[in-house]
Each structure stands twice: as structure tokens, then as C-alpha cells.
Amino acid sequence: MNSQQLDEMEMPTQTSKLNQFRTNFKEGNLSFDPSLRILSRSVLENSDFPTTRNESWKYTRLTKLSQLSLTTTEKINSPISVPLKSPYVISIVNGNIIDLPTIQGVSISRLSDCSEKQLELVCKNVSIENDVFHALNTLYIKDGILIEIQENQQINDAIQLIFETQESSIFCPIRIIIVGKKSSKAHFFQHFSGKGTGLTLPVFEYFIEQNAHLSLDKIQLENDESFHISTDQVYQERDSFFKINTITLSGKLIRNNLNILVNGENCETNLNGTYLLGDGQLVDNHTVVDHLKPNCNSNELYKGVLNGKSIGVFNGKVFVRPDAQKINAFQSNANVLLSEDASMNSKPELEIYADDVKCSHGSTTGQMDEEAIFYLRTRGISDRSARALMTQAFIGDVLNQIENEEIVDYVQSKLVELHDWVI
Amino acid sequence: MIKINNLHASIDGKKILKGLNLTVNAGEVHAIMGPNGAGKSTLSSVLAGREEYEVTEGSVDFNGIDLLELSTEDRAREGLFLAFQYPIEIPGVSNVNFLRTAMNEIREYKGLDPISAKDFMTMVREKSALVELDSKLASRAVNEGFSGGEKKRNEIFQMAMLEPKLAILDETDSGLDIDALRIVANGVNQLKSAQNATIVITHYQRLLDYIIPDFVHVLFDGRIVKTGTKELAVELEEKGYDWIKDEFSTVG
């Protein structure tokens with residue numbers, strides 16, 4: 001029996017798990033290109049949740065997610081947690097937008113208030129065909145937000161995007177489009193938290209125009225029962241700068257798709273991430289940096305610490321297209337396994353079609369340095385504190401990439417709370 | 001201070017210590033010398049609680065406590081300090097952060113409140129001056145990128161900060177030039193008091209010109225075979241260890 005026959009046997013259209021999963025969802029009515037809705041519907045009707053036979057979901061099982069019975073809700077309270085002092089707060093509670101701030105030099109609007117012309121940005125670089133989650137998001141988003149940093153504007157305070165789930169068994173799809181116009185500069189802070197089981201499914205689309213500068217700290221503080229599948233789709237024009245730090249602190253299953261199209265010369269792209277996993281958690285970071293034009297730099301550093309029965313996945317693809325000469329692309333993924341039951345699946349992939357480039361990648365997975373632990377213990381430090389110090393040191397180079405001190409302090413305080421760290 | 005009685009220890013089934021006896025009292029400095037493979041580093045490892053070593057026989061009394069029953073960290077908290085022969089580099093962990101954690105865990109063990117940040121920094125300044133350690137090194141990652149001499153000075157700096165009752169210096173002098181040796185020895189001498197004691201494990205008599213021992217022991221084949229005063233060290237330097245080997249290798 002070949003795999004296609006298997007697929008057909010397991011996934012008869014009407015009773016597919018995916019169809020079952022979406023029975024309680026209602027399609028949205030945003031006025032973007034109707035063909036996107038038609039395509040999404042068709043993808044969802046004709047496919048099912050990806051299985052581990054699908055290369056890009058090889059280590060991430062979605063069985064438990066597919067068995068959930070979720071619904072959407074309009075119930076909201078104000079968000080409980082707004083970590084930063086910055087007054088620029090955009091809150092999304094249970095998938096509903098609750099308020100939008102006014103920021104000098106930034107235009108912020110709901111997608112439901114946008115013109116058809118503005119909505120042409122929806123799915124401009126996000127592909128629906130091969131991704132049921134993009135299809136789910138596109139078909140079921142009730143609303144979304146368009147944030148445009150105006151030309152030559154520099155926004156000093158962080159723009160906080162606070163995502164909170166306050167109810168259990170909630171499906172929260174949301175679309176956020178961020179445009180950094182020519183020579184603008186802004187810093188975003190994304191914070192995800194919530195309670196109860198559920199699926200948070202955000203899709204972010206970034207358009208970073210010429211000479212614009214956009215940086216982003218993403219903090220994932222989901223609860224032990226929550227599923228989180230997110231896509232950050234980035235498009236960079238010439239002379240632009242993009243940086244993202246993804247800090248995953250908790251959650252049951254977290255999949256981060258981070259795709260960067262570097263379509264201009266002299267761009268800089270920085271992707272950093274760290275994940276600290278405990279028993280029963282899975283974090284899957286899939287990144288793609290696609291260099292289409294010459295003279296660009298990209299740096300990628302992901303570090304993880306895995307404890308208990310946890311699973312980590314890192315898949316980092318870098319493409320350097322034929323005309324993209326003089327590219328410096330570096331990638332590193334390092335992991336420490338603290339328990340015998342933890343497993344890490346790390347796969348760097350470089351595809352280079354230009355001949356004058358500097359690219360490197362490295363992936364390591366090891367245990368804690370027991371000699372160092374012993375050394376610390378001979379100074380009177382308990383085994384537990386020694387391991388905490390070492391863990392903190394290990395992920396320190398990623399945390400050092402966070403420039404905003406308030407965010408650093410916030411992350412540190414969460415680490416103390418979650419892992420009883422000494423700092 | 002410490003009474004080691006008939007200590008036997010092995011690693012991977014290989015016997016290294018074979019009935020070692022040693023008593024050190026408060027206020028004393030003891031030097032342990034011996035050829036390679038005699039068991040010098042094994043002794044310091046066993047006393048510090050390195051788990052790869054198995055103690056098969058004997059006892060170690062440390063100020064009335066059964067030392068061998070304690071975890072490595074509790075030994076340190078009771079006042080035992082080991083200056084490593086090869087100090088470990090720990091990237092990302094700052095010297096200062098590490099020492100403050102150590103001091104506070106020791107203080108907590110003794111039922112004391114954590115040291116204030118101000119008192120701690122004052123102490124860092126004083127003690128780093130003692131071993132002429134650049135205060136910049138105090139805030140760098142533990143031993144990372146330190147020269148050999150800086151690593152050894154950092155060991156003595158840590159010892160000065162933690163104020164142990166018994167310090168064991170495991171070949172702290174090896175690889176040091178005269179200047180570095182003088183600084184390290186000077187630090188050790190200044191920390192000496194009637195209440196604490198030092199065991200200096202060394203290969204070279206040279207160190208003992210700077211740290212004057214009250215007793216010199218020769219460790220050979222897992223036991224102390226000879227004990228004398230600092231003149232014994234001079235004799236060993238002149239004559240080497242062969243005569244010790246000739247005299248004792250037939251025994252046992």
C-alpha cells in the first residue's frame with residue numbers, strides 16, 4: 001500500500017479530523033480578496049492535520065491538538081498582564097481586539113476598517129496552499145490589525161502587543177500586519193499568555209521598507225495545556241534591518257514559523273531564540289531566511305535547555321539565491337539536555353546557489369558540564385543552584401540580544417518564578 | 001582541624017590511597033610532596049567530595065564532623081576549600097555573581113542573613129587587592145580567558161572571599177613564574193591565622209620558600225611515608241624522589 005492510499009484511507013473528506021476540529025468555527029467577513037477565502041476553504045476541505053510523515057512536522061505530533069473541541073468567544077476582560085510601562089498597548093483577548101492606542105507617527109487600524117487597497121497586503125507573502133494553519137487563520141479571522149510606522153518616524157517606546165486567553169477551549173486566530181515605512185524605526189514587544197487548553201494561531205506579516213528598522217521581542221508564556229502555532233512572515237527591502245528575539249518560557253506545544261524574505265541589498269537580519277522546556281512541553285522553531293539579493297548579513301542564534309520529558313525541534317533553512325553574492329549568513333543552534341527523557345531534533349539546512357558567500361552553521365546538543373558543576377559546588381553552591389547558574393549562563397548570549405532593559409528584567413523575573421533561578 | 005585516619009580510596013577499581021594518615025591542627029601549614037602518581041591529587045579530590053572516587057576504608061574527621069558523609073557543597077559550607085590545580089572556565093557565569101551566590105548559600109547554611117550588596121562589593125575590592133587581581137577580572141566570567149597566573153590568583157581570591165577553616169592548595173604553584181608565585185604565596189600568608197589551617201600540595205620546594213610549612217610530608221604509593229620540617233623539602237629537591245622510592249617501594 002503506498003502512502004497516498006494510506007492517506008485516502010485515513011482521511012475521508014467528510015470525517016477528517018480537521019473538518020471535525022473546525023465544526024464550531026464561523027468564517028469571518030473581512031473584505032480582502034475573496035479568492036483567498038475560496039482557496040482556504042478548499043485547502044481545509046481537501047486536507048487534514050499534517051502528520052509526522054510530512055517533513056516539516058516530522059517531530060511535532062498534532063494528535064492531541066486535533067482531538068480538541070474548540071470554539072470562539074467574544075467574552076473579554078481587560079488583560080491581566082501588561083509587562084512594560086510603555087503606554088502603547090494593543091490588547092487582544094480571547095482573539096478579540098479590545099483597544100487600539102493612538103501613537104504619534106503610527107497609523108493603527110482594524111482590518112475591518114481598512115480599504116480593499118490596504119487589504120491587498122493580506123497573504124501577500126503567506127502561502128495558503130501547503131499550510132492548513134494559514135488556511136485556518138485566513139478563513140476564520142474575524143478581524144486583525146494594520147500598523148503602519150510612517151516614513152522617517154522613530155518610535156522610542158516599545159509597542160506592546162498583548163495576547164491573552166482568558167477562557168478555556170478557545171480558538172484564537174488573529175492577523176497582524178506591520179508596515180515599517182521608509183526610514184522608520186520601531187520596536188515591538190509581543191507577549192502571549194493565558195489559561196486553559198486552546199489554540200492560539202496568530203499570523204504576522206511584516207513589510208520593512210527601504211532603510212527601515214524593526215525589532216521585535218516575542219515572549220511566549222503560554223500555559224501547560226495550550227497550543228500555539230504562529231507565523232511571522234517578514235519581507236525586507238534594501239538597507240533595512242530586522243531583529244527578532246523569541247523567548248519561549250512555557251506552553252504545551254509551540255510551533256514558531258519564522259520566514260524572512262530578504263529582497264534588497266545591504267540588509268541585516270537577526271534571528272535569536274531561546275527555549276526552556278519542562279516535562280511534557282514541545283517547542284518547534286522553523287526558520288527560513290531567503291537571501292534574494294547580494295551584500296546582506298544574517299545571523300541566527302538559537303539556544304535551548306530541555307528538562308524532563310520534553311521535545312525540542314529546530315529547523316533552520318538558509319537560501320542564498322544565484323544572484324545573491326557577498327552574503328554573510330551564520331546560524332547556530334546549541335542545546336543542553338538536562339534529562340535522559342528529553343530529546344532535541346536539530347536540522348540546519350543551507351542551500352547556496354551563489355559562489356562568493358560566507359555561510360556557516362553549527363548545531364550542538366550536549367549535557368551540562370559536570371566539571372563546572374563540581375567546581376561551583378566546592379564553593380558552597382548547591383547542586384540545584386549550580387545548575388541554574390549554568391543554565392542561565394548558557395542562554396545568556398541570547399538574552400543579551402534583548403536591548404530593552406525592562407524586557408530583560410521581566411524575562412529574568414519569569415525565569416526566577418518558573419525555574420527558581422538565582423540571579 | 002582535620003584528622004585523616006587510614007584512608008583508602010580507589011577510582012574505577014584502581015587503588016590509589018592505601019591507608020593515609022594525617023592530622024592538621026588549627027594554625028598549622030602542612031606541605032604534601034611526592035612524585036607523580038603518588039596520590040596527591042586523589043587526596044584533594046576525595047576530601048572535596050569528587051564522586052568518581054570511592055572511599056573503601058578509613059575516616060576523615062573535620063572539626064568533629066564525619067566529612068565523608070557530607071555533600072561537596074556542605075563540606076565547603078563547613079569551611080573546607082580546595083584551590084584547583086586546573087581551575088575550570090565557566091563561560092557566562094560572572095565571578096562576582098558566582099561568589100555572591102556561594103557566600104549567601106554558605107551564610108544561609110550557618111543561619112545568617114545574605115550579605116548586603118555594599119558589604120559584598122567592599123569585600124571584593126579588598127580581597128582582589130590582596131592577590132593583585134584586576135578588579136575587572138572579578139566581574140568577568142569565571143576564569144574565561146584568564147592566563148594561568150590569573151586563574152591561580154582567582155583561586156586565592158575566592159579563598160579570601162569565602163574565609164575557609166581549612167584550605168587545600170592543589171599544586172597552586174605549578175606553572176607560575178616567580179612574580180605570580182610571590183603574589184599567590186603572599187595572599188595565602190596574609191590569610192593565615194591561628195584559627196585556620198592550610199594544606200599545600202606541591203611538586204616543587206620553591207613554593208615553600210614563600211609559604212613556610214610547619215610540617216612536610218612525603219606521599220608515596222598512597223600513604224604518607226615520611227614527615228619532617230621544611231628541611232625535608234630541601235632534601236627532596238636536592239636528591240629527588242628516587243631514594244624514597246628505593247626505600248619504600250618494597251614495603252607493602
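In chain A, the domain assignment (an automatic or database one) gives domain 1 (3–263) and domain 2 (368–423). This is a predicted model, in which local features need pLDDT of at least 70, side-chain atom pairs count only at pLDDT 80 or more, and totals for chains, interfaces and linings use all residues. Residues are numbered from 1 along each chain as its sequence is written, chains are lettered from A in the order in which they are written, and side-chain values use heavy atoms, with hydrogens and water left out.

| Property of domain 1 and domain 2 of chain A | Value |
|---|---|
| Distance between C-alpha centres | 31 Å |
| Buried area | about 1200 Å² |

Buried area is the accessible area (1.4 Å probe) that two parts lose on being put together, summed over both. Carbon and sulfur atoms give 68% of the area buried between the two domains. On the side of domain 1 of chain A, the residues that lose the most area to domain 2 of chain A are K243(A), I247(A) and L249(A), which together make up 36% of what that side buries.

Contact, meaning heavy atoms within 4.5 Å, joins 15 residues of domain 1 of chain A to 13 residues of domain 2 of chain A. Across this interface the rule finds two salt bridges, where a salt bridge is a side-chain nitrogen of Lys or Arg within 4 Å of a carboxyl oxygen of Asp or Glu. The side chains of K85(A) and E406(A) form a salt bridge, with 3.9 Å from N to O.
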